[in-house]
Amino acid sequence: MKLCMIGTGYVGLVSGVCFSDLGNNVICVDNDVKKVENLKKGVIPIYEPGLDELVLKNYNNKRLKFSTDLKNSILKSDIIFICVGTPTKKNGNGADLSQIYNVAKEIRKSISKFKIIITKSTVPITTGDEIEKIISQKVSKKFFSVVSNPEFLREGEAIRDFTYPDRVVIGTNDRRSNKILKNLYSPLISKGAKYINTTRRAAELIKYASNAFLATKVTFINELANLCEKIDVNIEDISIGMGLDKRIGGRFLRAGPPYGGSCFPKDTKAIASTADKFKTNLSVIKSVIKSNDNRSSLLLKRVFNILKNKIKNKKICFLGVTFKANTDDMRDSSSLSMIPSLIKKGAKINYFDPTGEKDDFKKLKNVNFSNNIASAVKDSDLIIIHTEWNDFKSINFKKIVMNKKFIIFDMRNIYTAKKMKNLNIKYFGVGC
Ligand code: UDX
């Protein structure tokens with residue numbers, strides 16, 4: 001099939017490349033000329049394991065193309081995926097849909113035969129209705145169908161998540177589009193993915209509800225971790241004990257820093273704000289947002305306690321600064337608020353991240369990037385394990401820290417207190 005992905009950000013690029021790998025002809029369009037030029041040279045704008053190889057393979061066999069020419073790309077394609085950004089509005093909690101609507105206005109200029117227009121970006125409920133309205137102002141409804149097909153790709157696992165999804169959700173009442181899309185996804189369905197056809201609004205809501213629920217799970221276990229710290233119980237035991245109940249499930253029950261990234265913070269705010277518009281109070285999600293917003297300062301207080309409030313001139317090392325492992329994404333990472341707060345109190349920060357130095361910290365005084373673990377932790381008073389990269393899972397701290405009295409604060413519980421006690425290392429985890 002001939003596909004066009006509008007927007008080569010995370011969603012558009014990964015989905016476009018994976019669709020081309022399934023044998024479709026895909027044009028990935030972006031209005032960022034530099035980005036498109038780079039992609040043509042094989043320079044990938046994001047860090048996602050396995051993506052470079054897949055881009056190269058499909059670009060070389062000509063199933064994958066990159067372009068800045070939106071009009072022509074739409075004309076040549078049967079299925080158009082809208083994958084542009086839907087950030088949180090600057091002055092409010094709702095999603096800023098200007099990019100989506102601009103694209104809809106462009107699409108309506110280039111419809112000469114039947115096309116399926118799909119929102120893959122996460123868009124608030126009723127956005128599909130709005131897109132349909134915009135296009136139908138210029139084009140007869142018999143020439144297009146607007147469908148919602150949300151993505152559920154995790155950063156760092158996106159190719160696997162695309163290839164082996166738990167479910168494919170298609171929101172449309174139009175039988176013709178449903179048949180075409182079921183065919184498009186048939187290679188994944190035959191490998192076990194469940195295919196769900198529902199209404200467009202329901203598909204839009206499924207995406208938000210899923211992310212809000214996962215965010216709730218994370219926040220729930222994070223709050224329980226606070227209780228565990230007071231009653232000498234290990235949160236890891238609680239996660240295992242709860243997670244083995246099949247109705248609950250063990251995933252997303254790992255206590256740690258607040259949830260971050262490009263989706264959970266944005267989507268929880270957007271669903272609560274959409275519900276407000278429909279005069280429905282999603283109070284659970286609202287309190288999840290509040291609790292998560294508060295979590296970085298709670299963890300910071302713990303750092304102050306661990307260092308007995310003597311922060312000035314303390315050498316603190318962050319291992320990992322991204323919001324989670326296997327991504328270079330800094331969006332809504334708790335390190336963005338923790339590191340500036342610590343330097344304000346006079347700490348000296350060293351950090352190492354497998355994805356390299358971060359622009360966010362370049363201008364800050366007393367924040368230094370080390371390009372390997374050993375030099376980052378050397379002479380530290382406190383080592384904060386902030387992100388759960390595999391690289392940090394078997395470090396011989398005793399050998400490389402060179403400061404006899406160093407302390408570890410493991411915000412991801414990748415080590416155990418018992419193991420550290422045996423090694424005679426002063427160690428704190430989360431929720432224990
Ligand atoms: C998420 C959704 O999983 C995906 O379906 C959606 O389309 C995009 O948003 P992503 O943001 O890449 O994916 O990260 P995810 O792995 O879901 O983690 C989200 C946040 O929750 C991270 O900050 C992560 O560290 C945190 N988390 C996750 C926990 O703190 N504990 C857990 O047990 C699981």
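Figure 1. An oxygen atom of the ligand and a polar backbone atom of Gly260 are 2.9 Å apart. At Arg254, a backbone N or O atom is likewise placed 2.9 Å from an oxygen atom of the ligand. Arg412 takes part through its side chain, where an N or O atom is 3.2 Å from an oxygen atom of the ligand. The protein buries 92% of the 670 Å² that the ligand exposes when taken alone. Polar contacts are pairs of N or O atoms within 3.5 Å; within protein, one atom must be able to donate a hydrogen and the other to accept it, and residues adjacent in sequence count only if both atoms are side-chain atoms. Areas are from the Shrake-Rupley method with a 1.4 Å probe, and for residues only the protein chains shown count as cover. The model is predicted, and local features need pLDDT of at least 70, side-chain atom pairs count only at pLDDT 80 or more, and totals for chains, interfaces and linings use all residues. Residues are numbered from 1 along each chain as its sequence is written, and side-chain values use heavy atoms, with hydrogens and water left out.

**Figure 2. The residues around the ligand.** The shell has 18 residues, of which Glu155, Lys207, Arg254, Gly260 and Lys324 come nearest to the ligand. By class, the shell holds nine nonpolar, two polar and seven charged residues. Asp, Glu, Lys and Arg count as charged, Ala, Val, Leu, Ile, Met, Phe, Trp, Tyr, Cys and Pro as nonpolar, and the others, Gly among them, as polar. Helix α10 (residues 200–231) gives the largest share of this shell, with three residues. Helices (H or I, at least four residues) and strands (E, at least two) are DSSP runs, numbered from the N terminus.

**Figure 3. Lys207 in helix α10.** Lys207 is part of helix α10. Its relative accessibility is 3%, so Lys207 counts as buried (under 20% relative accessible area; exposed is over 50%, and partly exposed is in between, with a 1.4 Å probe and protein chains only). A polar atom of the Lys207 side chain is 2.7 Å from the backbone oxygen of Glu151.

**Figure 4. The second largest pocket.** This pocket holds about 240 Å³ of space. Among its 15 lining residues, Val26, Ile27, Lys65, Ser73 and Lys76 are the closest to its centre. At least two lining residues come from each of β1 (2–6), β2 (25–29), β3 (64–67) and α4 (70–76). The lining divides into six charged, five polar and four nonpolar residues. A pocket is an open set of points on a 1 Å grid over the protein atoms alone, where a 1.4 Å probe fits, with protein on both sides within 12 Å along at least five of seven lines; lining residues have an atom within 4 Å of a point. Grid points are joined across faces, edges and corners, and the volume is the space filled by probe spheres set on them.

**Figure 5. Two loop residues with positive phi.** Most residues other than glycine have a negative phi. Asp232 is not a glycine, yet its phi is positive, about 60°. This residue sits in the loop between α10 and α11 (235–243). Asp232 counts as exposed because its relative accessibility is 75%. Asn326, also not a glycine, has a positive phi of about 65°. The loop that holds Asn326 runs between β9 (315–319) and α14 (335–344). With a relative accessible area of 29%, Asn326 is partly exposed.

**Figure 6. Asn368 in strand β11.** Asn368 belongs to strand β11 (residues 367–369). Its relative accessible area is 40%, so Asn368 is partly exposed. Asn350 is 18 residues from Asn368 in sequence, and their C-alpha atoms are 4.8 Å apart.

**Figure 7. Thr172 and Ile107, two buried residues.** Thr172 occupies the loop between β7 (167–171) and α8 (175–184). Its relative accessible area is 5%. The C-alpha atom of Thr172 is 9.8 Å from that of Gly128, 44 residues away along the chain. Ile107 is in helix α5 (residues 98–107). The relative accessible area of Ile107 is 0%. Between Ile107 and Ile82, 25 residues apart in sequence, the C-alpha to C-alpha distance is 9.9 Å.

Note on methods: Near = heavy atom within 4 Å.
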